[in-house]
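Dear colleague,

I am handing over a structure for you to look at, and my notes on what was found in it follow below the display. Please read them with the coordinates open beside you.

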Amino acid sequence: KARVNGALDEILAEKGRGRRIAIFTSGGAISVAVQRALELSDQACLQVSWQVVNASITRFKCTADRIMLATFNEHAHLEVADGLVTYR
């Protein structure tokens, strides 16, 4: 959790607003970012982590000091074929 939040702090400070960046990571890191954006408890963060589909897309909107959840766990691109949707 501390490493993810530290990385988010760096990204927000360096990239801030008005840029698009892509980060490829695990469901746990995504859950911590969602936790921060929505101010969730640790228990709620754990529950979120079990819902993350492998290769899903989660989008955030950021300012220099704030991260906001735009979309969570998009995976329509995986539903075109059977068997591609798996969970964390």
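Two strands are taken to pair if DSSP finds at least two bridges between them. In this model, which is a predicted one, strand 1 (residues 57-62) and strand 2 (residues 67-74) run antiparallel and are joined by five bridges. Within that pairing, Phe60 stands opposite Leu69 of strand 2, and the two strands, strand 1 and strand 2, form a hairpin that has four residues between them.

The other part of my notes concerns two helices. Helix 2 (residues 27-38) packs with helix 3 (residues 42-49) at an angle of about 135 degrees, and their axes lie 9 Å apart. Since an angle over 145 degrees would count as roughly antiparallel and one of 65 to 115 as roughly perpendicular, helix 2 and helix 3 are therefore oblique to each other. Their crossing, that of helix 2 and helix 3, is right-handed. On the side of helix 2 the contact is made by Ser31, Val32, Val34 and Gln35, and on the side of helix 3 by Asp42, Cys45, Val48 and Ser49; the residues of this contact divide into four nonpolar, three polar and one charged.

Leaving aside residues up to four places away in sequence, Gln35 touches Lys1, Leu40, Ser41, Asp42 and Cys45.

With kind regards

Terms used:
Residues numbered from 1 in each chain as written. Predicted model: local features only at pLDDT ≥ 70, side-chain atom pairs only at ≥ 80, totals over all residues. Heavy atoms only, no water. Axes fitted to C-alpha atoms, helices over the stretch in contact; angles between N-to-C directions. Parallel < 35°, antiparallel > 145°, perpendicular 65-115°, else oblique. Left-handed = near helix turned anticlockwise from the far one by under 90°. Contact = heavy atoms within 4.5 Å. Nonpolar A, V, L, I, M, F, W, Y, C, P; charged D, E, K, R; others polar.
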